[in-house]
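Colleague: I have this model open and would like to go through it with you. Start with whatever I need in order to follow the element names.

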Amino acid sequence: MRIAVVGATGMVGEIMLKVLAERNFPVTELYLVASERSVGKKINFKGKDYEVIGLQTAVDLKPDIALFSAGGETSLEWAPKFAENGTTVVDNSSAWRMDETKKLVIPEINASELTKEDKIIANPNCSTIQLLMALKPLHDAFKIKRVIVSTYQSITGTGVKAVEQLENEYKGEKGEMAYPYPIHKNALPHCDVFQDNGYTKEEMKLTKETKKILGDESVLVSATAIRIPVVGGHSESVNIEFENEFNEDEVRKILSQFPGVTVQDNPDTNTYPMPIYAEGKDDVFVGRIRRDYSQPKSLNMWVVADNLRKGAATNTVQIAEYLIKNKLV
């Protein structure tokens with residue numbers, strides 16, 4: 001199994017390699033791919049040094065699977081070149097997510113839709129993945145009418161420049177700004193760029209991707225995305241209105257039985273999800289499960305996950321594992 005990791009020197013690329021090693025992914029040949037300025041750089045994987053190669057070199061090597069985390073523009077240009085050469089691409093950018101001809105996949109939810117013909121597969125947005133891991137089993141049980149979600153997102157979702165900005169601000173040093181304002185001791189209601197409708201691109205991703213993954217255009221989603229000075233993961237305050245009645249114990253049971261979800265919900269012991277504990281883990285953590293008494297058949301909950309792992313690298317690797325297990329590559 002010949003695997004290419006495209007964007008291997010980036011923040012998600014590094015986690016991808018970590019996840020591949022942890023899960024003992026069946027790699028026979030590994031190609032680490034990055035932009036021209038990184039070509040020749042050495043990266044260690046499982047005790048062996050690999051030299052970074054360029055995109056065209058990687059295409060010519062015809063890997064079985066290419067795991068992309070190199071940004072939308074790179075994906076739009078290069079994913080089709082890999083696909084034309086017989087490689088199955090799993091792409092972590094936003095480039096292909098809303099393309100009607102491409103599948104948008106969270107393995108626990110809709111991997112069964114994949115076929116051998118799917119040569120470019122889209123990985124959902126990080127905040128969408130953790131939201132849907134919590135919504136899907138509840139949608140199956142009670143049918144969701146409407147979701148109101150407010151996200152509290154880690155700076156790692158922006159990238160290494162944002163981490164450096166926060167570190168500089170901690171130390172009181174001036175440096176390059178990833179955001180238009182300080183992030184230390186602050187909260188920015190501004191994730192990605194603003195659209196003509198007043199929402200940010202991140203907020204619209206949550207709306208559109210949820211409908212596509214659930215395969216249900218009737219589910220209404222309203223999102224507000226906030227960037228906070230946290231490194232470990234994304235948190236989400238989620239309000240759900242169902243068509244059918246529910247009870248909270250049943251909700252806890254359904255969520256705890258869904259693969260990849262861990263329920264942490266005991267106010268008596270101050271047990272609830274937090275990014276400081278989600279960091280470095282692959283599960284999605286759900287807590288603060290309680291009825292919304294202001295609206296019939298409505299529920300509040302708090303959802304936390306490591307955005308670089310299940311929100312990006314782990315989900316990508318899980319898709320690749322599914323392809324191999326089901327002989328789709």
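Modeller: Helices (H or I, at least four residues) and strands (E, at least two) are DSSP runs, numbered from the N terminus. The model is predicted, and local features need pLDDT of at least 70, side-chain atom pairs count only at pLDDT 80 or more, and totals for chains, interfaces and linings use all residues. Residues are numbered from 1 along each chain as its sequence is written, and side-chain values use heavy atoms, with hydrogens and water left out.

Colleague: OK. Where is arginine 227?

Modeller: Arginine 227 sits in strand 9, residues 220–227.

Colleague: Buried or exposed, that arginine 227?

Modeller: Arginine 227 has 6% relative accessibility, so it counts as buried. Buried means under 20% relative accessible area, exposed over 50%, and partly exposed in between, with a 1.4 Å probe and protein chains only.

Colleague: What does the side chain of arginine 227 have a polar atom 2.7 Å from?

Modeller: The backbone oxygen of serine 154. A polar contact is a pair of N or O atoms within 3.5 Å; within protein, one must be able to donate a hydrogen and the other to accept it, and residues adjacent in sequence count only if both atoms are side-chain atoms. Leaving out residues up to four places away in sequence, arginine 227 also touches a list that includes Gln153, Tyr179, Asn186 and His234. Contact here means heavy atoms within 4.5 Å.

Colleague: Which residues does the UniProt "binding site" annotation cover along with Arg227?

Modeller: Gln153, according to an unreviewed UniProt entry. On a 1 Å grid over the protein atoms alone, a pocket is an open set of points with protein on both sides within 12 Å along at least five of seven lines, and lining residues have an atom within 4 Å of a point. UniProt positions are given in the numbering used here, feature names are shortened, and annotations may be inferred rather than shown by experiment.

Colleague: And where is glutamine 153 found?

Modeller: In strand 8, residues 144–153. Glutamine 153 counts as buried, at 1% relative accessibility. The side chain of glutamine 153 makes a polar contact of 2.7 Å with that of threonine 151.

Colleague: Which order do the six strands of the open sheet take?

Modeller: The order is 9-8-10-13-12-11, with mixed pairing. Two strands pair if DSSP finds at least two bridges between them. Strand 9 and strand 11 (261–263) are at the edges with a single partner strand each, so one side of each has no neighbour in the sheet. On average, neighbouring strands of this sheet are turned by 20° against each other, direction ignored. Axes are lines fitted to C-alpha atoms, for helices over the stretch in contact, and angles run from 0 to 180 degrees between N-to-C directions.

Colleague: How many of the nine residues of strand 10 are buried?

Modeller: Eight, so strand 10 (residues 234–242) is largely enclosed by the rest of the structure. Strand 10 pairs with strand 8 in the antiparallel sense over eight bridges, and valine 149 faces valine 238 of strand 10. Eight bridges also link strand 10 to strand 13 (residues 298–305), again antiparallel.

Colleague: Which strands does helix 5 lie across?

Modeller: Strand 8, strand 10, strand 11, strand 12 and strand 13; helix 5 (residues 126–142) runs at about 25° to strand 10. Helix 8 (residues 248–256) lies across strand 11, strand 12 and strand 13, at about 170° to strand 12.

Colleague: Change of topic. What pairing does the open sheet of five strands have?

Modeller: Parallel, in the order 2-1-5-6-7. Helix 3 (residues 72–84) lies across strand 1 (2–6), strand 5, strand 6 and strand 7, running at about 175° to strand 5.

Colleague: Back to UniProt. Which other residues are listed for "binding site"?

Modeller: The unreviewed entry lists Thr9, Gly10, Met11, Val12, Arg37, Ser38 and Asn307. They span 299 residues in sequence and the farthest two C-alpha atoms are 26.7 Å apart, so they do not all gather at one spot. The lining of the largest pocket includes Thr9, Gly10, Met11, Val12, Arg37, Ser38 and Asn307.

Colleague: Is arginine 37 buried or exposed?

Modeller: Exposed, at 78% relative accessibility; arginine 37 is in the loop between strand 2 and strand 3 (42–45). Valine 12, in helix 1 (residues 11–22), is buried with a relative accessible area of 15%.

How values were computed:
1 Å grid on protein atoms, 1.4 Å probe; cavity = no way out; pocket = protein on both sides within 12 Å on 5 of 7 lines; lining within 4 Å.
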